[in-house]
Amino acid sequence: MALSVSVVVLLAVVTLLLVRSGQMRIGHAVVTALLGFYLAQTGIAPAIHRMVVGCATALSNLAT
């Protein structure tokens, strides 16, 4: 669960930076957020979760 919260915070910060820099408009951020909510309700959500966990595990193994 800690990994999920960290990824959400990271993506929120990146989205905020893109909106503030003018490279992403508020409308784009809303559409991106809605896409995330809809993806979470589909059958592909477990595969996305496994991919994120796998990438985080690989990165942590590189650091050690």
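Where is the place of Thr64? I looked this up first, and Thr64 sits in the segment after helix 3. Helices (H or I, at least four residues) and strands (E, at least two) are taken here as DSSP runs, numbered from the N terminus.

**Entry: basis of the model**

I note that this is a predicted model, in which local features need pLDDT of at least 70, side-chain atom pairs count only at pLDDT 80 or more, and totals for chains, interfaces and linings use all residues. Residues are numbered from 1 along each chain as its sequence is written, and side-chain values use heavy atoms, with hydrogens and water left out.

**Entry: confidence**

I checked pLDDT, the predictor's confidence in each residue, from 0 to 100. The protein averages 83, and 92% of the residues score at least 70. Confidence is lowest in helix 1 (residues 2-21), with a mean of 78, and highest in helix 3 (residues 45-63), at 88.

**Entry: single residues**

I sorted residues by relative accessible area: buried is under 20%, exposed is over 50%, and partly exposed is in between (1.4 Å probe, protein chains only). Thr64 counts as exposed because its relative accessibility is 82%.

Arg25 lies in the loop between helix 1 and helix 2. Arg25 is classed as exposed because its relative accessibility is 52%. From Arg25 to Thr15, 10 residues apart along the chain, I read a C-alpha separation of 9.7 Å.

Ala47 belongs to helix 3 and is partly exposed, at 35% relative accessibility. Ala47 and Leu11 are 36 residues apart in sequence, and their C-alpha atoms are 18 Å apart in space.

Leu39 is placed in helix 2. Leu39 is partly exposed, since its relative accessible area is 32%. Its C-alpha atom is separated by 18 Å from that of Ser6, 33 residues apart along the chain.

**Entry: nonpolar surface**

Which residues make the nonpolar surface patch? I find Ile26, Val30, Leu34, Phe37 and Tyr38, together giving about 560 Å². Patch residues have over 30% relative accessible area and no salt bridge; like charges are joined within 9 Å, and nonpolar side chains (Val, Leu, Ile, Met, Phe, Trp, Tyr) within 5 Å. A salt bridge is a side-chain nitrogen of Lys or Arg within 4 Å of a carboxyl oxygen of Asp or Glu. Val30 is in helix 2 (residues 26-40) and is partly exposed, with a relative accessible area of 45%.

**Entry: largest pocket**

I looked up the largest pocket, whose volume is about 870 Å³. A pocket is an open set of points on a 1 Å grid where a 1.4 Å probe fits, with protein on both sides within 12 Å along at least five of seven lines; lining residues have an atom within 4 Å of a point. Its lining has 23 residues, of which Val7, Val8, Leu11, Gly36 and Ile48 lie nearest the centre. Helix 1, helix 2 and helix 3 each supply at least two lining residues, and helix 1 gives the most, with 10.

Definitions and conventions: Accessible areas come from the Shrake-Rupley method with a 1.4 Å probe; for residues, only the protein chains shown count as cover. Grid points are joined across faces, edges and corners, and a volume is the space filled by probe spheres set on the points.
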